[in-house]
Amino acid sequence: MQGFKLAFNYLRIGIMNEFQYRANLYIQILQTFIALATGLIGLNLVFNQVTELGGWNKAELLAVMGVFTVTGGFIRAAIQPNMERLMDEIREGTLDYALTKPADAQLLVSVREFRLWQMVDVVTGVIVMIVALSQLDWFVDFWSVLGFFSALFLGAIMIYCFWLIITSTAFWFVRVNEIANLFEGLYAAGRWPVDIYPNWLRYGLTFLVPVAFAVTVPAQALTGRLTLQTWFGALALTVTLFIVARTVWKVGVKNYSGASA
Amino acid sequence: MPSVISISKLAKHYQVPEREAGLKAAAKGLFKRTYKTVKAVDGISFEIQPGEVVGFLGPNGAGKTTTLKMLSGLLHPTSGGASVLDYEPAKRPHDYLRQITLVMGNRNQLSWDLPALDSFDLQRAIYGIPTEDFKRTRDEFIELLDLKELVQKPVRNLSLGERMKMEIVGALLHKPKILFLDEPTLGLDVTMQKRIRTFVAEYNKRYGATVLLTSHYMADVEALCKRVIVIHHGQLLFDGDLAALVEKFSAFKTVGFTLDNPATDLSQYGDVVSIDGSRVTMRVPKEKASAVTSRLLNDLAVDDLTVEAAPIEDVIESVFSVKKEAME
């Protein structure tokens, strides 16, 4: 309960912070527009040659693109900025303040930053999804809606855990900022459903960097492909990743000695 | 009265990689590392009673910050024990963290782009302070530190001193019982230092809080602390009254007087520290001070003669040199 209150307060602060930098909104709109345009052009180029890609038709792939944009926006709004701040604070020894607060330290370091303008991506992604669904004449039923939102939620948690594990290694290796760039590169692969990739890459994108669960699986739910088996797989992996992330974090904090003054 | 802070034989040793300079040594370090043990804190013990303001002194690298970090739960001691308010700090129980605060003069926790008021609100949420209490305390502190005009400005637009005052308000909103202040006046001008000092004294008086303070500015220590603890190389050198420290370690007294002809050779009386116009300041061994002053009065036409204890900076310096000799 205190966790929600705290997250809400930080969210409020984060939003107020972002209002100070209005220019960022316009830059973000431009960026989203460019990303959307290149995405759509790519999709059209592909479908000029073929009618179907790995069993997905054009409207379905548009739905994948929608989910990709929504999740990517959320990661850049809420997950990545927190983790980058954490990396900096571990390196500079300023994590001290977070650790002397009477709140769960993991929760605290995970909710402190919020980049509101990245939500432009989320909104745009939702619009893309709606367009895709209207082309698919989607039948809205309770289970597919629940499947979609729960898959999206599990995917977000998995990506968060992945980031936290990587970031926590900063307790030992100190400099891990390059990981952020690496993630961007790997996440870009999620633009397409992972079924189209060779096996080794598909497994990598599923279990090492859970892009498959963050994008492909929710898109499966949207296009009526989600099986109960996959859903339970997602749940199991989420729980496992969460436990691993929490353990790595705890051991890391114990190991933390601060860049002593 | 039972003590609020009690540490016994507290130690923190670090293993740090050690290598020689140069590329070859660096490459070797990739495969085989040799480690050296650094004893940042090496078995110190002391007790602090409720409401005490204690100055924690020592040169850079003496182990002051490491000790404060162990007391605030950030570092696990290598050995020995620490108990604060009957809690074990290293376990960082929330009930403990709610009653302490850590202020570090060189680090900020307020949000850079926002007015301090918004960051204060965040502290309220983190510490779960009831809104009424929060408002009362906040306004009281703002009043005491004369910050009314500044709380609505983004923190980045404040001067260093103003920012530090805000930091202190933010760090005390939950009315902690124990204050760990690590160089709270670092880099501030004299007026601002004084302001912060007065505020800490006032907070201590109003709420009966216990304060453990490190500072390089002896004025802070003289103004706030009756008792001082001096550490060096991680070991305790002195623990007691500031006055006793001065008494014990000050080998010299400062003798000042006005002389019509400052060109007179004064070397037979003691070391001349400075001559400013007709005003002469001399350093005289403590035990000879009375003899020297009477001779000065007899031999020369001196006026306005004063005898003062050596400045506290000099005293601390002599503590370190005396102990160093003893250790070698």
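Trainee: Which residues of β6(B) are buried on one side, and which on the other?

Mentor: In a regular strand, side chains alternate between the two faces of the sheet. In β6(B), Ile178(B), Phe180(B) and Asp182(B) are buried on one side, and Leu179(B) and Leu181(B) on the other. Buried means under 20% relative accessible area, exposed over 50%, and partly exposed in between (1.4 Å probe, protein chains only). Strands are DSSP runs of E of at least two residues, and helices are runs of H or I of at least four, numbered from the N terminus.

This is a predicted model, in which local features need pLDDT of at least 70 and side-chain atom pairs count only at pLDDT 80 or more, while totals for chains, interfaces and linings use all residues. Residues are numbered from 1 along each chain as its sequence is written, chains are lettered from A and ligands numbered from 1 in the order written, and side-chain values use heavy atoms, without hydrogens and water.

Trainee: Which strand does β6(B) pair with over 5 bridges in the parallel sense?

Mentor: Two strands pair if DSSP finds at least two bridges between them. Strand β5 (residues 100-104) of chain B pairs with β6(B) in this way, with Ile100(B) bridged to Ile178(B). β6(B) is also joined by 5 bridges to the parallel strand β7 (residues 210-214) of chain B, where Leu213(B) stands opposite Leu181(B).

Trainee: How many salt bridges cross the interface of chain A and chain B?

Mentor: A salt bridge is a side-chain nitrogen of Lys or Arg within 4 Å of a carboxyl oxygen of Asp or Glu. The interface has 3, including Asp96(A) with Lys69(B) at 3.2 Å, N to O.
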